[in-house]
Amino acid sequence: MSNDEFRAALARLAAGVVLVTAQEPPLDEHGRGEDVGMTATAFMSVSLDPPLVLVSLRNDSRMDDLLAEQPLWAVSVLAESQRQVASRFAMKGRISDRLLFADLPYIRGEVTHAPLIGGALATLECRTEQRVLAGDHTLVIGRVLTADLPTTDGEPLTYFKGRYRQLG
């Protein structure tokens, strides 16, 4: 089986789309660290008791490096109307995320201080419990510290066959 065959087969699995965010530790005691964000489709619930979720991060990505040292992170479950947010944070090779957050409505999580995107269907604040190396990715299992449903309307953003899709 080739990588292309494997990728094509798994592209037939529809997935929800989330934005994973965290705040880098400040460079000095007077500053605030930079906000970092990453679009993910490999996200799932793991356990109800205790409440655990899992996100898969490409090894040596900026988010993987950050979450290796910063245990607090957040997830915004994106609505169908937030395709541009997902696309923006899916760009590879960017130097800074500062401009990506510049015109987005968000609040800071009470526990993680990570950005929680306005208009998301749900938001979660998490603390890393375990990191598992799995091939070219790291599975980060996080304990959910807070969960909120800021938007009761809207449909989820899904990803299927390499594109964002609508349900129905």
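A salt bridge here is a side-chain nitrogen of Lys or Arg within 4 Å of a carboxyl oxygen of Asp or Glu. I keep that cut-off at hand for the entries below, and I note that this is a predicted model.

**Entry 1: R83 and E80**

I started with R83 and E80, whose side chains meet in a salt bridge at 2.8 Å, N to O. Then I looked up how open each partner is. R83 counts as partly exposed because its relative accessibility is 30%. E80 has a relative accessible area of 17%, so I wrote it down as buried.

**Entry 2: the wider count**

Next I searched the whole structure and found 11 salt bridges. I was pleased to see some of them share partners: E24, E34, R62, D97 and R98 are joined into one network this way.

**Entry 3: R98 and E34**

Is R98 buried or exposed? I have it as exposed, because its relative accessible area is 56%. E34 is buried, as its relative accessible area is 17%.

**Entry 4: helix 1**

I moved on to R7 and D4, which form a salt bridge with the closest N and O atoms 3.3 Å apart. Both lie in helix 1, 3 residues apart, and I noted that this is about one turn of the helix. R7 and D4 are both exposed.

Helix 1 also holds F6. I checked its accessibility, and at 45% F6 counts as partly exposed. Together with M1 and L10, F6 makes a nonpolar surface patch of about 380 Å².

**Entry 5: the largest pocket**

Last, I turned to open space. The largest pocket holds about 1600 Å³. I looked up its lining and found 37 residues, with T41, A42, S56, K92 and H137 lying nearest the centre. Which elements give two or more residues to that lining? I listed helix 1 (3-10), strand 3 (35-40), strand 5 (52-58), helix 2 (62-69) and strand 11 (158-160). So helix 1, where I had already placed R7 and D4, turns up again in this list. By residue type, I sorted the lining into 19 nonpolar, 10 polar and 8 charged residues.

How values were computed: Residues are numbered from 1 along each chain as its sequence is written. This is a predicted model: local features need pLDDT of at least 70, side-chain atom pairs count only at pLDDT 80 or more; totals for chains, interfaces and linings use all residues. Side-chain values use heavy atoms; hydrogens and water are left out. On a 1 Å grid over the protein atoms alone, a cavity is a set of points where a 1.4 Å probe fits but cannot get out, and a pocket is an open set with protein on both sides within 12 Å along at least five of seven lines; lining residues have an atom within 4 Å of a point. Grid points are joined across faces, edges and corners, and a volume is the space filled by probe spheres set on the points. Helices (H or I, at least four residues) and strands (E, at least two) are DSSP runs, numbered from the N terminus. Ala, Val, Leu, Ile, Met, Phe, Trp, Tyr, Cys and Pro count as nonpolar, Asp, Glu, Lys and Arg as charged, and the others, Gly among them, as polar. Patches are made of residues with over 30% relative accessible area and no salt bridge: like charges are joined within 9 Å, nonpolar side chains (Val, Leu, Ile, Met, Phe, Trp, Tyr) within 5 Å. Accessible areas come from the Shrake-Rupley method with a 1.4 Å probe; for residues, only the protein chains shown count as cover. Buried means under 20% relative accessible area, exposed over 50%, partly exposed in between (1.4 Å probe, protein chains only).
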